[in-house]
Amino acid sequence: MDNLLCDELVQEVFLRLPPSSSSSVSLVSKRWLHLHRTSRTSLTLRLTGDDSTLHSLRFLAGPVSASSLASLSAACTPLTSLCISLSRPLFLMWIIRFSKLKELSIMVCSGGVGVEQGNDYGVSADEDSGAELGLESLCLSGIGAGDWGLGWLWRSCRKLKKLQLKSCEGVGDGGSFSSFIMCLQGVEEVELRTCRSILDGVLLKLAENCDSLASLLVYDGGSREGLLRFFSQCHCNLQKLDFRLPLDLKNDHLLAVATNFRSLSSLRLQSCCLVSGEGLKALGTAVNSGLEELALINCDVVEREPGLLSTLGQNLKKLKKLDLSYNEMLFDKEFMSMLVSCNYLVDLKVRGCKGLTNASIVSMLKSCKRLESVDIMHCHGIQAEAIESFVLNSPQLRRVQVEQCKISDFAKTWASHKFVEAVA
């Protein structure tokens, strides 16, 4: 009986029911629960001649129903970028209707229920499909271990270049993880944010199946063994490595990076409490010819080991971007000892470095004559007169971030005439 009416007709019935019946309807079946929820959220677009050329749409106010997506695909055929939220159970076959879609972002709403294997309303993990999606960028948020239908998506994304997983507890159930590797062959950029339960597994699959990976970002996660296995076994030509809040990142990981990724051009580390100067120095020596960006944000090794920044500066003389933000105990002497060697810097951030004073500004003027962008917000020891002198005497400067009260009227006028953006 539950299968006699199509989704759209059932939803139309739900819309005509009084609010008092909502709790009873949602208890009938998982299908009715899903349809009832999606029937309470509608997306209406009024499109005229010129509007039908819409290329990008972002809608996260609530879960969008499959029927709404079907209507959208017919009305907006040129759509190349779509960002939406969905409720469980997940139905993903609608993606086929967006033939020109290149970027897709899906956020799975909290709550809801999964769907059993073989259920007619989902896409079974072992279902064969010949779909060839044109997606180049895919972002999934909130995927659970019990979410079905993702195996089809992984098998259909053979042109993927960028993959983002956020707050995910799985990449699908059943055979979906084995299908996951089928989308990795051409992937160049991966971001894994708060995916602790699956991070080691995803990194292992990347090491085994992805030779094209050029950029990796990991936020919060990764065991000591899982990270070391990835750094040791991965054979890709990794260019950018960004680790934020990596609680288990240690020197042996950095030594493995120094051995296997000598072409690294960007290294960003944030809140790395177990890393010491030994690992950073070894890495700096290994990649000295190519590293152009270095970030050590809120890393107590910067404050804990005197002489570290000086050594890094001598090894990394081609640095163009440097971020030492939120190292509150970083003082002038250590900072200036690095700047002496960094003559090619164009972007410098020391936001929240409360130990720096006007002397650091003087050193920036002397050593870093190519600076275009500077962030000195919340540096309490740096005064207005030093900032005015810096703005007036930096010929390449195009952007400075600093408190409004520290920019004199004269400096503001000068900056506007020289097309320098002053951001508070």
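Trainee: What share of the residues in the protein is buried?
Mentor: Keep in mind that this is a predicted model. The protein has 16 helices and 15 strands, and its chain runs to 424 residues. Of those residues, the buried part is 50%.

Trainee: How are α9 and α10 oriented to each other: roughly parallel or roughly perpendicular?
Mentor: Helix α9 (residues 251-260) and helix α10 (residues 277-286) have axes 8 Å apart, at an angle of about 5 degrees. Angles under 35 degrees count as roughly parallel. The two helices, α9 and α10, are therefore roughly parallel.

Trainee: How many nonpolar residues are in the contact of α9 with α10?
Mentor: On the α9 side, the contact includes Leu254, Leu255 and Val257, while α10 brings in Leu280 and Leu283, among others. By class, two residues of the contact are polar and one is charged. The nonpolar count is eight.

Trainee: Is Asp220 buried or partly exposed?
Mentor: Asp220 sits in the loop between β7 (215-219) and α8 (224-233). Its phi is positive, about 65 degrees, though Asp220 is not a glycine. Buried means under 20% relative accessible area. Asp220 has 16%, so it counts as buried.

How values were computed
Residues numbered from 1 in each chain as written. Predicted model: local features only at pLDDT ≥ 70, side-chain atom pairs only at ≥ 80, totals over all residues. Heavy atoms only, no water. Axes fitted to C-alpha atoms, helices over the stretch in contact; angles between N-to-C directions. Helix = DSSP H or I, 4+ residues; strand = E, 2+ residues; numbered from the N terminus. Parallel < 35°, antiparallel > 145°, perpendicular 65-115°, else oblique. Contact = heavy atoms within 4.5 Å. Nonpolar A, V, L, I, M, F, W, Y, C, P; charged D, E, K, R; others polar. Buried < 20%, exposed > 50% of the residue type's maximum accessible area, 1.4 Å probe, protein only.
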